[in-house]
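Please read these notes with the model open beside you.

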Amino acid sequence: MKYLSVLLMLSMSLMGASPEVEQYMKELLSAAKAENKSFTGFDAARGKEIFISTHIGKQGKPMSCTTCHTVNLGNSGKNSLTGKVIEPLSPRVNPQRLTRVKEVKKWLKRNFVDVYAREGTAQEKGDVLTYIQKN
Amino acid sequence: MKKIWNISLAVALFVGGVYVYADEDEREHARPMQSKPLSKQDQSAAALYKKECSACHMAYQPEFLPKRSWDKTMKGLDNHFGTDATMDLADTSTVQNYLMTYASKNERITDMKGAVALRISQTPHFVREHREVTKKMITQPAVKSIANCNACHTKAEAGSYREREINIPNHGRWE
């Protein structure tokens, strides 16, 4: 049983997302298609642009995802307001990442609002998750 | 296994209640530790509170603010000191109930003469206790903000604020 769960964890980390998160990404995919007829699939390069580009955030100040998470997803980040350390986003380095849909939805909502002053579209969420998954 | 350990640790931290000491005269200011063990439901609420709030900052003990303050905080999570700190409805309600149960009932610590404090650092007891702390001690990078209790109160996360446990970065103990 123990070996089985180790194997499961290993295969999960190779996929970069748990089955429930994979399922969530499929839902995002259908939603993105419904939003945009010419949409063909999620793209890590677009996701990276979403992640590293600077925007006027909720506080009216320039901000990007990298303000707290840094440009290297394998590194720890730091909450820019409180200084609290943020564990790496990369599922390769931090196997806890992209395992729970509840967590993923919560943080995508919060962080899009903080950085973009609005929620992300299905395509944007899928793109940025694809970027995180591959890094 | 790690998860179970985290939860039991969180529970252990909250079961104890809060120890606040003003001076070395402990009898005057100490508040009694909660002797009643938490119910199963409160234990899981405490663990959720700890997990959710400490994702960004120390999970301040509920005993530092009155009900009215926590109520206002929980109703304004979409703009929580400038950030979106929303949770799903079920978790919001669990955390809200937990805070209401363990909020301070001691007006001497929290009375704001009609105003509702959102920051613990605005409450009169807190202000009095930190009156001799210099700006430099607070703004230095190792502390960053008065909200980082555990930067100086080495056992803050366990709910203990005894004077002898203070260690201010680049300054030392509180004499």
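1. Start with a network of salt bridges: A:Glu103, A:Lys106, A:Arg110, B:Lys51 and B:Glu52 are linked in it. A salt bridge here is a side-chain nitrogen of Lys or Arg within 4 Å of a carboxyl oxygen of Asp or Glu. Side chains of opposite charge can pair when their charged atoms come close.

2. Know what you are looking at. This is a predicted model, in which local features need pLDDT of at least 70, side-chain atom pairs count only at pLDDT 80 or more, and totals for chains, interfaces and linings use all residues. Residues are numbered from 1 along each chain as its sequence is written, chains are lettered from A and ligands numbered from 1 in the order in which they are written, and side-chain values use heavy atoms, with hydrogens and water left out.

3. Look at one pair in the network. B:Glu52 and A:Arg110 form a salt bridge, with 3.9 Å between the closest N and O atoms. B:Glu52 sits in helix α3 (residues 40-53) of chain B and A:Arg110 in helix α5 (residues 101-116) of chain A, so this pair joins two chains. Helices (H or I, at least four residues) and strands (E, at least two) are DSSP runs, numbered from the N terminus. Are B:Glu52 and A:Arg110 buried or exposed? Both are buried. Buried means under 20% relative accessible area, exposed over 50%, and partly exposed in between (1.4 Å probe, protein chains only).

4. A:Arg110 has another partner. A:Arg110 lies over the face of A:Trp107, 4.5 Å from the ring centre. The cut-offs: NZ of Lys or CZ of Arg within 6 Å of the ring centre and within 35 degrees of the ring normal.

5. Over all chains, the search finds 15 salt bridges. One of them joins B:Glu157 and B:Lys50 at 3.4 Å, N to O. B:Glu157 is in the loop between α8 (135-139) and β2 (160-161) of chain B, while B:Lys50 is in helix α3, 107 residues apart. B:Glu157 is partly exposed at 32%. B:Lys50 counts as buried at 15%.

6. B:Arg162 and B:Glu165 also meet in a salt bridge, at 3.3 Å from N to O. B:Arg162 is buried at 18% relative accessibility. B:Glu165 is buried too, at 10%.

7. Now the rings. How many aromatic pairs does the structure hold over all chains? There are six. Rings of Phe, Tyr and Trp (its six-membered ring) pair if their centres lie within 6.5 Å; planes under 30 degrees apart count as stacked, over 60 as edge-to-face and the rest as tilted. B:Tyr49 and B:Tyr98 are 5.4 Å apart at their ring centres, with planes at 45 degrees, so this pair is tilted. Both residues are buried. Ring pairs link B:Tyr49, B:Tyr98 and B:Tyr102 into a cluster.

8. B:Phe64 and B:Tyr161 are edge-to-face, 5.1 Å centre to centre and 90 degrees between planes. B:Phe64 lies in the loop between α3 and α4 (67-75) of chain B and B:Tyr161 in strand β2, 97 residues apart. B:Phe64 counts as buried at 12%, and B:Tyr161 at 7%.

9. Last, chain A. Chain A has six helices and four strands. Along the sequence their pattern is α-α-α-β-β-α-β-β-α-α. Of the 135 residues in chain A, 44% are buried.
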